[in-house]
Amino acid sequence: MQYMLLIYNCVRPEPGDPGFGEALARVNAFADECRRRGVFVAGHPLQAEHTATTVSVRDGRTMITDGPFAETHEHLGGAYVLDCRDLDEALELAALCPMAEQGSIEVRPIAGVPGLDHTSSELAATGE
């Protein structure tokens with residue numbers, strides 16, 4: 001089953017900041033462990049929440065708002081998608097994620113919706 005690990009409230013050092021090299025090495029070691037176990041699907045950091053733009057449509061009118069959807073103290077910093085054997089493995093890996101030491105990791109199963117196409121255009125083009 002696939003799980004999304006949503007990373008909240010982590011301050012990520014930028015290239016050139018003290019600690020960047022160590023933080024990068026720890027994140028890469030986590031991703032390597034997920035790959036070694038054969039569960040890694042994807043992982044991406046997000047830019048800061050001030051770069052977000054929220055789009056909603058109400059009564060046929062598109063509304064665009066600068067910033068994240070909700071004003072909150074928590075901020076979403078990135079996510080991993082892992083294909084784990086069960087929730088226990090997903091929780092174990094969330095605890096190994098280095099960002100769990102300063103923030104929190106929300107683990108949520110990805111819903112299987114019959115008929116919903118999740119393939120990327122690249123995979124669709126190759127027929128995989």
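Arginine 37 and glutamate 33 form a salt bridge in which the closest N and O atoms lie 2.7 Å apart. Because the two residues are four places apart in helix α1, about one helical turn separates them. The model that shows this pair is a predicted one.

**Salt bridges**

Side chains of opposite charge can pair when their charged atoms come close. Eight salt bridges are counted in the model. Arginine 37 also meets the side chain of glutamate 89 in a salt bridge, at 3.8 Å from N to O. This second pair links distant parts of the chain, with arginine 37 in helix α1 and glutamate 89 in helix α2, 52 residues apart. Salt bridges with shared partners join Glu33, Arg36, Arg37, Arg85, Glu89 and Glu92 into one network.

Another pair is formed by arginine 26 and glutamate 101, whose closest N and O atoms are 2.7 Å apart. Here too, distant parts of the chain are linked: arginine 26 belongs to helix α1, whereas glutamate 101 lies in the loop between α2 and β6 (104–109), 75 residues away.

**Burial of selected residues**

| Residue | Relative accessible area | Class |
|---|---|---|
| Glutamate 89 | 4% | buried |
| Arginine 37 | 27% | partly exposed |
| Arginine 26 | 35% | partly exposed |
| Valine 55 | 55% | exposed |
| Glutamate 101 | 63% | exposed |

Glutamate 89 counts as buried because its 4% relative accessibility is under the 20% limit. Helix α2, which holds this glutamate, spans residues 87–96. Apart from neighbours within four places in sequence, glutamate 89 is in contact with Arg37, Val39 and Cys84.

Valine 55 is found in strand β3 (residues 53–58). Together with Val57 and Ile64, Val55 makes a nonpolar surface patch of about 300 Å².

**The chain as a whole**

The protein chain contains three helices and six strands, arranged along the sequence as β-α-β-β-β-β-α-β-α. Of its 128 residues, 21% are buried. The chain exposes about 9100 Å², and carbon and sulfur atoms supply 55% of that area. Among contacts between residues at least 6 apart in sequence, 74% join residues at least 24 apart.

**The largest pocket**

The largest pocket holds about 610 Å³ of space. It is lined by 27 residues, of which Arg12, Ala23, Val27, Pro45 and Met99 are the closest to its centre. At least two lining residues come from each of α1 (20–37), β2 (40–45) and β5 (76–83). Helix α1 gives the most to this lining, with eight residues.

Notes:
Residues are numbered from 1 along each chain as its sequence is written. This is a predicted model: local features need pLDDT of at least 70, side-chain atom pairs count only at pLDDT 80 or more; totals for chains, interfaces and linings use all residues. Side-chain values use heavy atoms; hydrogens and water are left out. Patches are made of residues with over 30% relative accessible area and no salt bridge: like charges are joined within 9 Å, nonpolar side chains (Val, Leu, Ile, Met, Phe, Trp, Tyr) within 5 Å. Accessible areas come from the Shrake-Rupley method with a 1.4 Å probe; for residues, only the protein chains shown count as cover. A salt bridge is a side-chain nitrogen of Lys or Arg within 4 Å of a carboxyl oxygen of Asp or Glu. Buried means under 20% relative accessible area, exposed over 50%, partly exposed in between (1.4 Å probe, protein chains only). Contact means heavy atoms within 4.5 Å. On a 1 Å grid over the protein atoms alone, a cavity is a set of points where a 1.4 Å probe fits but cannot get out, and a pocket is an open set with protein on both sides within 12 Å along at least five of seven lines; lining residues have an atom within 4 Å of a point. Grid points are joined across faces, edges and corners, and a volume is the space filled by probe spheres set on the points.
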